[in-house]
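Biologist: Could you take a close look at one part of this model with me? I'd like to start from the overall picture and then zoom in.

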Amino acid sequence: IGMGGAERSVVHYINRFNGERELNTYSLRPIHRKVYDENKIFVRESSEYSWKGYLEYFHYCRKFRHHLFHLLNVGPVILFLTLIAGNKSPIYHIHGTLHWRKPYQKWYLRLFWWLSSWFSFRIIANSKHAASIFQKEVLPLNLKIIYNGIDVLRFTQKRHQRTALNKMAYIGRLQNGKNVDKVIELFESVAIEFPALELHIAGDG
C-alpha cells in the first residue's frame with residue numbers, strides 16, 4: 001500500500017461503508033507506516049515482498065474467496081492468483097496507462113492477462129483514455145468506464161459566478177503514464193481562447 005491515487009480511493013470506501021460492511025485491505029509489501037484508520041478497516045500485509053508474499057496472498061484469497069475483491073491496478077499476476085484461489089467475480093480497476101515498465105515484462109504480463117481472461121471477472125477503467133490504451137496494448141476486453149469521484153460539496157458550497165478562466169492545474173506524480181504532456185496540449189488549445197490563462201503543475205517524480 002502506497003498513497004497514490006488508487007490507494008487514496010480506499011478512503012472513500014471507508015467513509016461510505018464503515019459500519020455497514022466489514023472492510024479489509026491487503027498489501028503485498030510490508031507496511032512501515034499507518035495508512036488508514038484501522039478502527040474502520042482491517043489492514044493485512046505479507047511478511048516480505050517475494051514469492052513468499054505472493055503465496056501468503058493466495059492463502060488470504062482462499063480464506064476470503066466468498067468476499068468481494070476490488071483490485072486497484074495491481075497487475076495480472078495478482079488478478080490470476082485471486083481467480084485461481086476461487087474468487088468468483090473480482091473487480092479489477094485500471095488507474096492510468098502504464099502496464100509494464102520494461103520491455104521483457106510485456107510478454108509475461110500479457111500472458112497472465114490472457115490466462116485471466118478465461119475466468120469471470122469485471123474490469124473497469126477510470127477514463128476512456130485509460131480504457132483505450134489497455135484495449136490497444138494489453139487485451140481487447142470489454143471495459144466499463146467509471147470516473148474518479150469527487151466531493152462536489154467542497155466546490156458547490158463556495159461557488160460564485162465565474163466571469164473568466166484564469167487558472168488551470170495538474171496535481172499528481174510527474175511520471176510516464178500520467179499523461180502530463182496531454183495536460184500541456186490541452187492548456188495550449190484552451191489558451192487560444194483565454195490568453196490570460198495560467199497553467200500550474202504540482203507534483204514530484
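How many helices and strands does the secondary structure of the protein chain come to? After that, please walk me through helix H2 (residues 51-63) and helix H3 (residues 76-84): at what angle do they pack, and which residues make the contact?

Modeller: Happy to! This is a predicted model, in which local features need pLDDT of at least 70 and side-chain atom pairs count only at pLDDT 80 or more, while totals for chains, interfaces and linings use all residues. Residues are numbered from 1 along each chain as its sequence is written, and side-chain values use heavy atoms, leaving out hydrogens and water.

The protein chain has seven helices and eight strands (DSSP runs numbered from the N terminus, with at least four residues of H or I for a helix and at least two of E for a strand). Its C-alpha trace spans about 55 × 40 × 30 Å along the principal axes. Of its 205 residues, 32% are buried (buried is under 20% relative accessible area, exposed over 50%, partly exposed in between, with a 1.4 Å probe and protein chains only). Among contacts (heavy atoms within 4.5 Å) with a separation of 6 or more, 51% are between residues 24 or more positions apart.

Now to your helices. H2 and H3 pack at an angle of about 40°, and their axes are 8 Å apart (axes are lines fitted to C-alpha atoms over the stretch in contact, and angles run from 0 to 180 degrees between N-to-C directions). The two helices are therefore oblique to each other (under 35 degrees is roughly parallel, over 145 roughly antiparallel, 65 to 115 roughly perpendicular, the rest oblique). From the H2 side, the contact is made by Tyr-54, Tyr-57, Phe-58 and Cys-61. Their partners on H3 are Val-77, Ile-78, Leu-81, Thr-82 and Ile-84.

Several of these residues turn up again around Leu-28, which sits in the loop between E1 and strand E2 (42-45). Leaving aside neighbours within four places in sequence, Leu-28 touches Ser-46, Glu-48, Tyr-49, Gly-53, Tyr-54, Tyr-57 and Ile-78. Leu-28 has a relative accessible area of 17%, so it is buried.

The structure holds 13 aromatic pairs (rings of Phe, Tyr and Trp, the last by its six-membered ring, with centres within 6.5 Å; planes under 30 degrees apart are stacked, over 60 edge-to-face, the rest tilted). In one of them, the ring centres of Tyr-26 and Tyr-60 are 4.6 Å apart and the planes stand at 40°, so the pair is tilted. This pair joins distant parts of the chain, since Tyr-26 belongs to strand E1 (residues 24-27) and Tyr-60 to helix H2, 34 residues apart. Tyr-26, at 18% relative accessibility, counts as buried, and so does Tyr-60, at 10%. Ring pairs also link Tyr-26 and Tyr-60 with Tyr-57, Phe-64 and Phe-69 into a cluster.
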